[in-house]
Amino acid sequence: MVSDDIVRASSSRAPEAGPAASALALLAHKPGLSIRMLAVGVGLSHAGTVRLVDRLATEGLIERREHSTDGRTRSLYLTPAGKVASDEVLVSRDHVIAEGLSILTPDELKILCDIAERVLRNRLESLEHSYRICRLCCYAGCTNCPIDAELHERDVNGERNDDA
């Protein structure tokens, strides 16, 4: 229920329905992603992600740049307008979460956080899966990310990168 509300609220702040909100949030979280890794994160085919990137680029929200090590690959970055749109998506997400959890006491929130961390770490399948899990994460607010910690503990490339 909360997940549906998050998707609905974040999509309402994105330039189009569907995975655009996730793409904007994920690029804010991990600037420089390749189309392949963005596709994994937002759950689209490569072709579908290329079309999404084309639309977001046409709207001036993202830009393609040359990749630092692979001339065939383009890295994706938010433009200033894309950053504003991403911030709006994440604010709407935060509002839904805050409203949904407002009934809990501080002690209950701590318990929920501890349980959620254990579940997230246990359910993590791979580096690619981490992009899917964190696609609507507010990275600035996730200062002690259990997904990054689990990847580091498993020594999966030390930390996420866009070519994995």
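**Notebook: helices, sheet, core and pocket**

I began with Ser 92, which lies in helix α5; helices (H or I, at least four residues) and strands (E, at least two) are DSSP runs, numbered from the N terminus. The model is predicted, so local features need pLDDT of at least 70 and side-chain atom pairs count only at pLDDT 80 or more, whereas totals for chains, interfaces and linings use all residues. Residues are numbered from 1 along each chain as its sequence is written, and side-chain values use heavy atoms, with hydrogens and water left out.

**Entry 1**

I looked up the accessibility of Ser 92 and found 11% relative accessibility, which counts as buried. Buried means under 20% relative accessible area, exposed over 50%, and partly exposed in between (1.4 Å probe, protein chains only). Not counting residues up to four places away in sequence, Ser 92 touches Ala 9, Ser 10 and Arg 13; contact means heavy atoms within 4.5 Å.

I then turned to Ser 86, also found in helix α5. Ser 86 is buried, with a relative accessible area of 0%. Leaving aside neighbours within four places in sequence, I listed Leu 24, Ala 25, Ala 28 and Leu 78 as the contacts of Ser 86.

**Entry 1: the sheet**

I recorded an open sheet of three strands in the order β1-β3-β2, with antiparallel pairing. β1 (33–34) and β2 (62–66) stand at the edges with a single partner strand each, so one side of each has no neighbour in the sheet. Two strands pair if DSSP finds at least two bridges between them. β2 is joined to β3 (residues 74–78) by five bridges, and Ile 62 stands opposite Leu 78 in β3. β1 and β3 pair over two bridges; the bridge partner of Ser 34 is Ser 75 in β3.

I traced helix α2 (residues 20–29) across β1, β2 and β3, where it runs at about 100° to β3. Axes are lines fitted to C-alpha atoms, for helices over the stretch in contact, and angles run from 0 to 180 degrees between N-to-C directions. Nine of the 10 residues of α2 are buried, including Leu 24, Leu 27 and His 29.

Of its 37 residues, Leu 27, Leu 33, Leu 38, Leu 56 and Ile 62 touch the most other members. α2 gives the most to this core, with seven residues.

**Entry 2: the largest pocket**

I noted a volume of about 1,400 Å³ for the largest pocket; a volume is the space filled by probe spheres set on grid points, which are joined across faces, edges and corners. On a 1 Å grid over the protein atoms alone, a pocket is an open set of points where a 1.4 Å probe fits, with protein on both sides within 12 Å along at least five of seven lines, and lining residues have an atom within 4 Å of a point. The lining holds 34 residues, of which Arg 93, Ile 97, Ala 116, Leu 120 and Cys 137 lie nearest the centre. α6 gives the most to this lining, with eight residues.

Notes: A nonpolar core is a set of buried Ala, Val, Leu, Ile, Met, Phe, Trp, Tyr and Cys residues joined through side-chain atoms within 4.5 Å.
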